[in-house]
2 protein chains.
Amino acid sequence: MNDSLLESSDRSRSAAPLHHMQLATFSQPLHLELGGQLPSVTVAYETYGRLSAGRDNAVLVCHAISGDSHVARHGDGDDPGWWDIMVGPGKSIDTDRYFVICSNILGGCRGTTGPNRSNPQSGRPYGADFPTITVGDMVEVQRRLIDHLGIETLRVVIGGSLGGHQALTWAVRHPDRVRACITLASSPRLTSQALAFDVVGRNAIVHDPGYRGGQYYDSDGGGGPEVGLALARMLAHITYLSREAMTAKFDPGRLEPRDTPTAFEKKFSVGSYLAYQGHKFVERFDANSYVTLSMAMDLFDLGETAHELHSVLASSRCRWLVISFTSDWLFPPAQSQQIVDALIGANHPVTYCNVEASGGHDSFLLEEKLSIYGGLIHAFNANVDDAGPARTPEKAAARAALGRPTNIFHSHRLDYDVILQLIPAAASVLDLGCGDGVLLSRLRERGHTRLVGIELDEESLLACVEQRLDVVQHDLEQGLSPFADGQFDVVVLSQTLQSIDDTEGIVDEMLRVGNSCIVSFPNFAYHKLREMLYEEGRSPKAGGVYHFEWYNTPNRRFPSISDVEEFCSRKAIKVHQKVYLDSETGQRIADAPNRNADMAIFVLSR
Amino acid sequence: MNDSLLESSDRSRSAAPLHHMQLATFSQPLHLELGGQLPSVTVAYETYGRLSAGRDNAVLVCHAISGDSHVARHGDGDDPGWWDIMVGPGKSIDTDRYFVICSNILGGCRGTTGPNRSNPQSGRPYGADFPTITVGDMVEVQRRLIDHLGIETLRVVIGGSLGGHQALTWAVRHPDRVRACITLASSPRLTSQALAFDVVGRNAIVHDPGYRGGQYYDSDGGGGPEVGLALARMLAHITYLSREAMTAKFDPGRLEPRDTPTAFEKKFSVGSYLAYQGHKFVERFDANSYVTLSMAMDLFDLGETAHELHSVLASSRCRWLVISFTSDWLFPPAQSQQIVDALIGANHPVTYCNVEASGGHDSFLLEEKLSIYGGLIHAFNANVDDAGPARTPEKAAARAALGRPTNIFHSHRLDYDVILQLIPAAASVLDLGCGDGVLLSRLRERGHTRLVGIELDEESLLACVEQRLDVVQHDLEQGLSPFADGQFDVVVLSQTLQSIDDTEGIVDEMLRVGNSCIVSFPNFAYHKLREMLYEEGRSPKAGGVYHFEWYNTPNRRFPSISDVEEFCSRKAIKVHQKVYLDSETGQRIADAPNRNADMAIFVLSR
């Protein structure tokens, strides 16, 4: 190994991290997916924490295009890693509990076999002779490392961006060796827009005269395609940030650039920033690696159609946590949703959150919403064990006690008792608008195993994951398209019908997805409400979901029991059971329910 | 003039357009805004149609960064121009009616003085010695041309993108010489994100060894910074398209590139497209011009804050039409809205539409939504005359006859008669949710001059513009922040209160903006509705705005007259007048209105 080469490729960092870097060399040839082979492979990696006696606490962290094995600091005197906010003692990926492994990926330039390493056959760096590799090849090298470390099954594989592509590949290539998979800001494949930016970046590099066909390592002073690599990095940097974030950072004082020593344009503050980022990158990264890794990312493709993606992901057998960020336009949330949809279609356990964050694609590296996405990862990690939910009931209880005024439909849950009675034993259940997961938790206590919640609120999602519930962030106004016909025994819509705009749409969708559907709703013809309008001439107001004023009620629809009955009749919906309640007394109502009950629960089917 | 140079700079086109190109040379020095001067200026321009005897039908079209004077074909055998869909006989910019002028901008490379033209002082092309110019300098050259053509006042100045920057500058620099200004996909200044892309493009050009400090014209075969310019163009091209458009175009067959002769990467179909665009651009455009023009665009700045923008735009005296496109992320709609907000704040007549289109920044050059944005321009152009509205009542009537089922609140306009009586003579009026402009048109017939409508629907906006009404596309749920306190004598909210979610917000805002507010709303305590709930136990349904089913009504709030009275009392809102109507009989109701009226009209103030 050429240590001087490795060190010189990262002059911007101290050499400290290298003290913790380990190398493993595998002398058997690596046969590459797209043809050709590498005669041997060296992997640079770092580990954190201790492997348990049962060898069941290993977490593999996969890095993105410009990352390396130094994911976090090893101690106080150490340089921070690229994901210090996530990995460390007591952090979301808790090195007190887990054995964390991070290796420089194949094709990289920080210790693992890549274009800047010596080709054993020629004795010179591979350069542009380094073959075209795939994410699958990267994962194959990681597999060798995991074997080398004596680990049969990874507790968790996690990664953001290109790291997410690796995690996805692990889950589908080695379903028996991955218990949980977490992707952040990732995708089944790049958008054509993201791909186009990479094309421009690569063209900038290989058409820089300093590139010299990729054999610039032995240059006597030329230094390689420094302009091209800097241009590629500047361009990529723009795509990692959101427009909002750039506005906030660079609009004030846009004509006041930092005094960066650079030959690049520095008329504007954003220009001096880009110049700085370009220079910094050229100091620590290899242009051939950039070309190699970005091409591997661009070739990554789990399928163009939902059907193809479903076929591929169906082979996985792990638990899934998928996280996207609202302002990420490079790997837009809709692409993470494609992954989630395919997993839902395959009946795989998946939790999904599209975190409201302003940081763009880089959000998974930022502190902005760490409390949410880090919290989700922390809770999800704790719940991987098959031994059953490592719940944190005290946390969930604390959340519930706090109350969330926006979530008014979860405060009066008399209907839960009835709904629980109406759900057959062991039934699979989809709970639409599951809130903090109270109903689903009670079902699990009763022994149900296939339980899925749908919820919009981030904090509620977190509360669900803390109870080891699978919950998907999804807007019910969009229907239930990810779910297959008859996918659940029971679909529940409790106290939510009246707040949905597309009433017909959601009822149609429930009946499609559930063999049986349970709908609880407030009765607008309850006598107190009728009397208020009739006698006082006032928009009705009462307890429960009718305690709002006419001008601020979150209720959107105001059906009576008779209205819903007629609706079902008109739509040829079978009504199997009806339960009427007086929510003040907690009693069931038998007599004139449309007048005397303030809540109703119907069991429906097509 | 060096004709061979001009021709050689555009080998991709036939020379045909040049037959129509005219040149005007102004020998007095041009003093530049940022210092320095050009000893003389030549302008290349084309004209279409005939200047009227009164010299009052001139339309100046300003082109964007890569455009030129050839905006449209001059006849059947001619090459199409860059805006052939917009300019021509019978088109939105009708060359049968208007005298259309389009000149190559200062700093360009298609005939007008720019870096590729000969510097009279050296006898060689300016190259990188061409000074830094501004959009203001471009407009100054256009002013000389307009003077030269003997035109005192431009009927319309219009432009998209950088062309919009020129139009904005015309309106504020020469307020007495512009009667109407139209901007498409433009902005008060670039976002930091857009600026960053330009920085990368310029760095790619000037760091291409072929750039040779900008003096590449006399190269013996080098050909200039062809790679750098192609890279800049590839990058810019990505920003001109939307992600959706790129997905639709390049996702199918993404690994099936076109066989373009290129040294650039063509692994992906999007790559071969970018390579093609890059090559095509290098053949017809000059790198120094690209650097010069993109810098002028980046330096364009009407103000960072709303206050600054307001100060600048307040000096204009023309009518305004501002158009943005929903999928434009380079010049995002929010930037056009900043222009509109500033104009509203200055009480200037402005119409705004954010056209729902998928084409990205280039939408203003595409046919996708030409019926809307071209229609708006056509109608707006026809209405510039001070002589009064050149209305097309037959068109508006045809639209009204078609009906638009989504716009249900404009079908029963009994309340209009009453509202008209309640509005004082000559009052300025803001109509929130103005629909097709029926109320505003009736007010104008009555002699009111300051009338503004707010509407969401594109077709309704078009109908309003066809009646020469100023109408702004704006979502009432966002409040009325563009409007100043007490800006209007009267603000009208007719039959819309019940469909707005943020009831308190919109009422507060109306009372802030209007000295007096007129609100018409359906009365939910009308006896037929009361009885239906009380006696039948059904969610009430009646005529008018209550003819919907509980599950599909667009009504969001259900107040009674008493509810609104109590609301006003609680909020300390003064109620000056109340009118109660029976919309079936058309009669006013005096007796027990909360029971007997199905509609009420209140006049309110703070």
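This is a predicted model: local features need pLDDT of at least 70, side-chain atom pairs count only at pLDDT 80 or more; totals for chains, interfaces and linings use all residues.
When residues up to four places away in sequence are not counted, B:L469 touches B:G437, B:L440, B:S441, B:L451, B:G453 and B:C464. A separation of 38 Å lies between the C-alpha atoms of B:L469 and B:D198, which are 271 residues apart along the chain.

A:S441 belongs to helix α14 (residues 438-445) of chain A. A:S441 has 22 C-beta neighbours inside 10 Å and therefore counts as buried. With neighbours within four places in sequence left aside, the contacts of A:S441 are A:Q467 and A:L469. The C-alpha atom of A:S441 is separated by 16 Å from that of A:F380, and these two residues are 61 residues apart along the chain.

The overall form of chain A was described next. Its secondary structure consists of 19 helices and 20 strands. Chain A is divided into domain 1 (191-299) and domain 2 (389-605), and the C-alpha centres of these two domains are 52 Å apart. Along the principal axes, the C-alpha atoms of chain A fill a box of roughly 95 × 60 × 45 Å. The radius of gyration of chain A is 28 Å, which agrees with the value near 25 Å that a compact globule of 606 residues would have. Of the 606 residues of chain A, 57% count as buried. Among contacts in chain A between residues at least 6 apart in sequence, 69% are between residues at least 24 apart.

Helix packing was considered in both chains. In chain A, the axes of helix α2 (residues 135-148) and helix α3 (residues 162-173) come within 9 Å and cross at roughly 70°. This angle is in the range of 65 to 115 degrees, so α2(A) is roughly perpendicular to α3(A). Helix α2(A) contributes A:V135, A:G136, A:M138 and A:V139 to the contact, while α3(A) contributes A:H165, A:Q166, A:T169, A:W170 and A:R173. By type, the residues of this contact are four nonpolar, four polar and one charged.

In chain B, helix α2 (residues 135-148) and helix α3 (residues 162-173) have axes that come within 9 Å and cross at roughly 70°. On the α2(B) side the contact is made by B:V135, B:G136, B:M138 and B:V139, and on the α3(B) side by B:H165, B:Q166, B:T169, B:W170 and B:R173. The contact of α2(B) with α3(B) comprises four nonpolar residues, four polar residues and one charged residue.

The contact between the chains involves 55 residues from chain A and 55 residues from chain B. On the side of chain A that touches chain B, the elements giving two or more residues are α4 (192-206), α5 (226-240), α6 (243-250), α7 (269-284), α16 (503-513), α17 (527-536), α18 (561-570) and α19 (593-596). Helix α4(A) gives the most to this side, with 10 residues. The residues on this side of chain A divide into 27 nonpolar, 14 polar and 14 charged.

Methods: Residues are numbered from 1 along each chain as its sequence is written. Chains are lettered from A and ligands numbered from 1 in the order in which they are written. Two residues are in contact if their C-beta atoms, placed from the backbone, lie within 7 Å. Helices (H or I, at least four residues) and strands (E, at least two) are DSSP runs, numbered from the N terminus. Ala, Val, Leu, Ile, Met, Phe, Trp, Tyr, Cys and Pro count as nonpolar, Asp, Glu, Lys and Arg as charged, and the others, Gly among them, as polar. Domain bounds come from an automatic or database domain assignment. The radius of gyration is taken over C-alpha atoms; the globule rule is 2.2 Å times the number of residues to the power 0.38. A residue is buried if 20 or more other C-beta atoms lie within 10 Å of its own, exposed if 12 or fewer, and partly exposed in between; C-beta atoms are placed from the backbone. Axes are lines fitted to C-alpha atoms, for helices over the stretch in contact, and angles run from 0 to 180 degrees between N-to-C directions. Angles under 35 degrees count as roughly parallel, over 145 as roughly antiparallel, 65 to 115 as roughly perpendicular and the rest as oblique.
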